[in-house]
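Me: I have a protein model open on my screen, and I would like to learn how to read it. Could you take me through it feature by feature?

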Amino acid sequence: MIPSGLSLGSFEITPDIILKFVRCKTGTSPPSPGPDGIPQSFLKQFISQLLLPLTELFKYLRHLGHMPSQWKTANITPVFKKGLSSKVSNYTSISLTSIFCKLFKRLIQGKILTYLSDNNLISPHQHGFLTKHSTCCQLLETVNDCSIALRNKHVVDDVYFDFAKAFDTVSRVKLISKLQAYGIDGTLLSIIIDFLTLRKNSDG
């Protein structure tokens, strides 16, 4: 149950916050550039010169409540998962957008996760997409819980769900409704809705 009056309609943008997310590691290898061809290394190398202009740009976008249309264009890259490499179904697609778009999205993601955590709106047993959480941590917690139950001679029932391509088939209408139910509104919600609208790849 969401507490009455609880909401998140905007988010703070300062040079220090932007610098924090620029310095955050996003993976084991540098992400490929988007349609604008600007690599992550450019942002990190010239961040001292870009910091203030980016702060003003992000503040302006927050005020408008939408993103530039160029940021909604992505390079689609196929990534092999498993099985036969000759089968198209064994690949997943990765959308590569502008690094400035990625940085802006990281600010929004960080604010939403902090909001959900601070207000106990996200389960402590949630392991996906959270800092210092992983599938490995989830498995360790599950094994530990099962071990304790068996040691105390309790019955353990495990139920597993495998949703094929779950994140490729998320209903945008339901996603927006879920965000609103959790108190996400204002220009923050407008930005998210705008980013999910009229997306396209760089080939048109």
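Reply: Let us begin with a pair of cysteines. The sulfur of Cys137 has its closest cysteine sulfur in Cys136, at 5.8 Å, and that is too far for a bond. Keep in mind that this is a predicted model.

Me: How far apart may two sulfurs be to count as a disulfide?

Reply: They must be within 2.5 Å. By this rule the protein has zero disulfides. Cys146 is in no disulfide either, since its nearest cysteine sulfur, in Cys136, is 15 Å away.

Me: Are Cys137 and Cys146 buried or exposed?

Reply: For this we look at relative accessible area: under 20% is buried, over 50% is exposed, and partly exposed lies in between. Cys137 has 31%, so it is partly exposed. Cys146 has 18%, so it counts as buried.

Me: What is the overall make-up of the protein in helices and strands?

Reply: There are seven helices and three strands. Along the sequence their pattern reads α-α-α-β-β-α-α-α-α-β. To picture the overall extent, take the C-alpha trace, which spans about 60 × 55 × 35 Å along its principal axes.

Me: What about charges?

Reply: Here is the general idea: side chains of opposite charge can pair when their charged atoms come close. This protein has 23 positive and 14 negative side chains, and the centres of the two sets lie 4 Å apart.

Me: How many salt bridges does the structure hold, and where?

Reply: It holds one salt bridge. The partners are Lys72 and Asp194, with 3.6 Å from N to O. This pair links distant parts of the chain, as the two residues are 122 residues apart. Lys72 is in the loop between helix H3 (47–64) and strand S1 (73–80), whereas Asp194 belongs to helix H7, residues 186–195. Both Lys72 and Asp194 are buried.

Me: My last topic is backbone angles. Which residue has a positive phi of about 55 degrees although it is not a glycine?

Reply: That is Asn120. You will find Asn120 in the loop between helix H4 (99–118) and H5. With 68% relative accessibility, Asn120 counts as exposed.

Me: And what is the phi of Lys153?

Reply: Lys153 has a phi near 60 degrees, a positive value in a residue other than glycine. Lys153 is in the loop between H5 and helix H6 (172–181). Its relative accessible area is 78%, so Lys153 is exposed.

Me: Thank you! I will now find these residues on my screen.

Note on methods: Residues numbered from 1 in each chain as written. Predicted model: local features only at pLDDT ≥ 70, side-chain atom pairs only at ≥ 80, totals over all residues. Heavy atoms only, no water. Helix = DSSP H or I, 4+ residues; strand = E, 2+ residues; numbered from the N terminus. Lys, Arg positive; Asp, Glu negative; His and termini not counted. Charge placed at Lys NZ, Arg CZ, Asp CG, Glu CD. Buried < 20%, exposed > 50% of the residue type's maximum accessible area, 1.4 Å probe, protein only. Salt bridge = Lys/Arg side-chain N within 4 Å of Asp/Glu carboxyl O.
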